[in-house]
Amino acid sequence: MTVLNFIVLLPILNAIAIACGAPARKSALLSAWTQLALTIVAMVGYRGGFAYGSTWAVAPEWGLNLTFGVDGLALVMLLLTAIVTVAAVWVTPKIEKRENLFYACVLLISGGAAGAFASVDMFFFYAFHELALIPTFLLIGIWGQGERQVAAWKITIYLAVGSMILLVGLAKLYLAFPEGARTFDMIEMTKARHLIPAAEQGGIYIWLLVGFGVLISLFPFHSWAAPAYAAAPTPAAMLHAGVLKKFGLYGLIRIAVPMLPEGAKVWMNLLLVLLVANILYIGLVTIAQKKLDWMLGYSSVMHMGYIFLGIAAGNAIGITGASLLMLGHGLSIAALFAMCGYLRQTSPSLAFTSLGGIAKKAPFLGYAFGMAAFASIGLPGFANFASEAMVFFGAFKAGPAATLDFSSIQIATVCGLWGVVISAVYMLRAYRQIFQGEPQANVATFKDPACSVKWSVILLLAALMVGGLWPKSMLNFIQPSVEALIGK
Amino acid sequence: MNNNDIIPWFILLNPLITAVLILFVFRKNHGTAATVSTMSAFFGLVGSLCAFTLAPTHTFVRWIDMPGLQIPIGVQLDHLSQLMLLVVTGIGFLVHLYSTVYMEHDESKSRFFGHLSLFMFSMLGIVLADNFAMMFIFWELVGVSSYLLIGHWFTRDAAGKAANKAFMMNRIGDFGFMLGILMLWSTAGTVTFKGLEAATGTLTTNPMFLTAAILLVFCGAMGKSAQFPLHTWLPDAMEGPTPVSALIHAATMVAAGVFMLARIAFLIGLSPAAALIIAWIGAITSILAALMATQQDDIKRILAYSTLSQLGYMVMAIGLAPDPNGGPAMFHLFTHAFFKALLFLGAGAVIHALHHEQNIWKMGGLSKHMRVTSITFLIGTLALTGCPGLAGFFSKDAILLAAWSNKPLFFIAWSTAFLTAFYMTRLYIVAFTGKERSEAAHHGHDCPAPMTIPLVILAILAVCAGWKTESYFMSHHAEHASHIPMLLAICAFMFGTFAAMTLYKGKDKEPLSLPLFRNKFYLDEIYGAIVAGTQDVLAYIAAKIDSLISGIVRLAGMAAWGVGFLFRLLQFGNVQGYSFVFGLGVVWLIWFVVFK
Amino acid sequence: MNPILFYLFSILMLGFGIAVVANRSPVASAMSLVVSFFCLAALYVGLDAYFLASIQVVVYAGAVMVLFLFIIMLLDLKAEQRRKFNKLAIGGGALVALAFAAQLLGVLGGHPRGDKPFPELKLPIGESLNDLQHVGETLFSLHTLPFQIIGVLILVATIGVIVISKRELK
Amino acid sequence: MTLTLNHYLLVSGLLFSIGFAGVLLRRNIIIIFMCLELMLNAANLSLVAFSRFNVGADGLPNFNAQVLTFFIITVAAAEVAVGLAIIVALYRARQTTHVEDITTLKF
């Protein structure tokens, strides 16, 4: 029973305990904090390669065994999950109806994500993610706001279809290996990746790309994201936007990039077109939004474009940058959704016109939201900037040097750079309309959030600053594992 | 890391620590915040004074260290940065001292000083940066701190909008800057200046590429130093408190662009095409700004346009004579920083005394009551307009000399000099001489000591900054330059001042009104239309397309309902019909099986 | 069984079958159905299936038709008045039936094995075909399970009838 | 001419078509029910014909078919009973045996 098993099983067991009647908020907080502590212990004790391995043979005849194992990249993802879980549980306001089921669902999502990141077995990697799908549906459907049923149904059906496509892709990948070398263990698969015939890789890659793309809200498959986050209760939005979306990207980096290099080359241009659309088109859509929660939903969809740019670059710099950006974006979007949830108490509609001058009444919130906003648009000093810079450097390096006719990936980098301007436009416009100016009538009684919201936001921002001011702390984990995956 | 390597790190990190202390510890007690901030500015000045004497050093820390990408955070003390340190910390300290009184009864004083220290940290970061990536980091941090300071009185909508506009323009500039860095880095393989200097061989293989890269990097400078297309944010930045305008929008931040160009002067030298374009953009900015300044009524707006114009001068100088030691541009930057800060602080004193009255036509006859302020303001005006013997004259003369080889540019430079003399004299005469035009002007009085002392110090500096310091900036001495440019410069000064005197002596309202200049060539409206036309329209279209895409997704749901509806129609309720259909099926089946 | 009898009875059967369909009054249809069953029993005898012939007469002609007549009496059905004819339905129905018959002829036309005469029965001299014994034997030896199921089915049917026809207990 | 299997099959087919036409054409449920019986008996006839036609090794007709016919008859009896009960219940509910009046399951 390694520390990793505890990290994964803790939230799931706690969820069951809470569902059976344990005191909801207290045990959820306890479980979240212990999960964070254990993750930090695991990170401190990490010495490289795949650590904390443990296997349970579930169905030996099919080669199905629940193996856990973690490398640097997965550890950083577990850290992200732990931090966002602590913040999500801590920031939840008083729940009136069925509090136990609420916290059970939140912990199940966190457990599902942690399980997915920690599992080395492709089957359970997929299964753990599915575990997190249903609690999201329940959270949005029961405790959400606005037209929550529609949003809940939409996100669940959309992601279910996405998972189906993904399942087909994974199955094709499994079958692409010659008879003898078939295994679910991702480490062996990465070692035996040369056995996959080059011709088939394109076919498999597109399934994985579309499957993961739906889970990550890549351009054409993004219409579930904004309504779901607008309708979701705060912790659900934080956990889903912050952590669960990273599952798709982690999957791409862990499976698609190392095992299907030719496939990546075949579909490179399509991926570039989609991610440029993700950045520019969704950026413009974000500008057109009139409500804060919708805007944050779309902005999180837009930032996926940068991570995809890093992955499309295919070199060590780009992918390391993309992994760090996953951490940075997860933390910043979680902080933004936490505060957006708190703002919802003054004006449920969260429309820009109905909010104004909040910084005067709630200076801490004004400052914290400002920092989170600046972090998400890539201000140096936060993890987002360091990682976005590496993504741009990596992506630009993937094209030819010293010529003015840029290759497709370099043009995508230029569009990505312009995306930084677009994100500044919508984020600052929102910040000015909500926080600056004279306080409006309905804001008169507004005051700074209670210490639970305050300290969870501080925790998220502190993690962001550590990642930003001293990125080597995270890069020491990510870099070796990325280089192990795709070579120098 | 022997002990004098500590000094540059101390200079850099001291304001950051102060900012963190103020914003998180001294949030409530404003008094201590002001003193802590001013003390740290003083230590910064002392540090940079002794750094001035040090031999050039270069120490760095590895920030991002990957096989293909090494981004260090390093401090580089050399000829250029030692001088700039003096300018930044010197004026920074004086502004800190000045604003302890100016922001006396502002209810969020600690936040102001916190942001001021944050700005000092980011500005010093740019000055000490030894590579492009670190410079870009502090470039954005300077943009954010100017956003925070412009938007200090955020309850006023105008301030919020101005802060947004400033940050947006800087961001557009940074877009080009980052792209330029990427292009240079992908070719040279390194971001450090020393590395780029070593890799000039590989850079010049494709001259077109090098020109494009330099112009993109210059795009960053345009954003920060408010050059022609991206200049409209500077006049609006006057929404911020006056010390902010003095420190940021006169002396230091806007000069960052010029400093960066000086830092890569060796690159500009390699591509004459880029140098010429830079020179022309600088010239256009200076002439436009000078024309606009002649028609403004707000004292701070006039000074803002004058800064714009002088910045155009410096950029033109960099374009004409790129010199690793700084050349005429840095010389002008050095002198301009002092007298422009002096003018802004003087204007601040006037505004403070007249209870936030900024319209010069409401002032008049201030020299009678505010003796020290008006004398120092006069010295600043003369220095700026290029009165022989004062600092401005020497640096402007150096630029005119450099422009002498390119006649059209010289003509533009000369007419700008003339216009500068014109609008500055107009300002002085209307504001300080003649009779009081408003009741507030009547009992204006000199400000308390901490405000007037910086004025006096800056006045002294404005006078003697030009003497014998020119050689510091010139790496190679022009053997014997012709004297014609100097004579023409003196004529420009005299004609300008004389014209302004005759036109504005004893006038009560603006004699000549040129709406084109008054409304700033309608550039703000044009930009507004462009942004509204492209971005908002595109955003609207994008939102519509997005609802279309989500419609398609809903279509899938509708399709399922439609198919369900079709099959429902099969149950038409008539028993005969069912048996008939059944019969048909049987007959068809038999036919299919047996006879086909 | 000589062909003449076969033709007689089959024509009678088909004729009364058509009578069942064509008659206005349900009682007339019922009576023609009974006669049709008798002719069918005769055909069974022609095919040496004496036990089945008797069962046919007893169960069908006897029990089933009595039920029908009982129900017709209970519901006091009148002869149908002239209802408006739905030309299309009538035509369609007739067409399908004719098509079916035509197909049948086609199939039988192409069925050579059916043209051989019925083979002779090898019986020990003097005895007639004791088919009742043989049917009983096969019933209770090969088809025991279906037999049980049929028993249960009959039971279920009777209970069902009682439940359905019971008046609603308000 | 001597009787062959086809004759019997032809007769049973004709009987079946008559029954089937009856079901299609008539509007009265009782009559439809009777025609249904006709169709069942047509099937029985062809079964018995086959039973007589396939004389086994022991020279006796194949009695399985006859047992099957026996089962069909019993099932038909049960079916008539239940069918008529339903018709009675239907009549009590709707006072009609006319097929076109009973369309509750219409869409």
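This is a predicted model: local features need pLDDT of at least 70, side-chain atom pairs count only at pLDDT 80 or more; totals for chains, interfaces and linings use all residues.
User: How do β1 and β2 of chain B pair?
Analyst: Strand β1(B), residues 57–65, and strand β2(B), residues 70–77, pair in the antiparallel sense over 8 bridges. Pairing needs at least two DSSP bridges between two strands. Strands are DSSP runs (E, at least two residues) and helices too (H or I, at least four), numbered from the N terminus.
User: What do they form, and with how many residues between them?
Analyst: A hairpin, with 4 residues between β1(B) and β2(B). B:Ile64 stands opposite B:Ile71 in β2(B).
User: Chain A now. At what angle do α4 and α10 pack?
Analyst: Helix α4(A), residues 99–118, and helix α10(A), residues 234–259, pack at about 15 degrees, axes 10 Å apart. Axes are lines fitted to C-alpha atoms over the stretch in contact, and angles run from 0 to 180 degrees between N-to-C directions. So α4(A) is roughly parallel to α10(A) (angles under 35 degrees count as that).
User: Which residues make the contact?
Analyst: Among them are A:Val106, A:Ile109 and A:Phe117 of α4(A), and A:Leu239, A:Phe247 and A:Tyr250 of α10(A). Contact means C-beta atoms, placed from the backbone, within 7 Å.
User: And between chains D and B, how many residues?
Analyst: 9 residues of chain D are in contact with 11 of chain B.

Definitions and conventions
Residues are numbered from 1 along each chain as its sequence is written. Chains are lettered from A and ligands numbered from 1 in the order in which they are written. Two residues are in contact if their C-beta atoms, placed from the backbone, lie within 7 Å. Angles under 35 degrees count as roughly parallel, over 145 as roughly antiparallel, 65 to 115 as roughly perpendicular and the rest as oblique.
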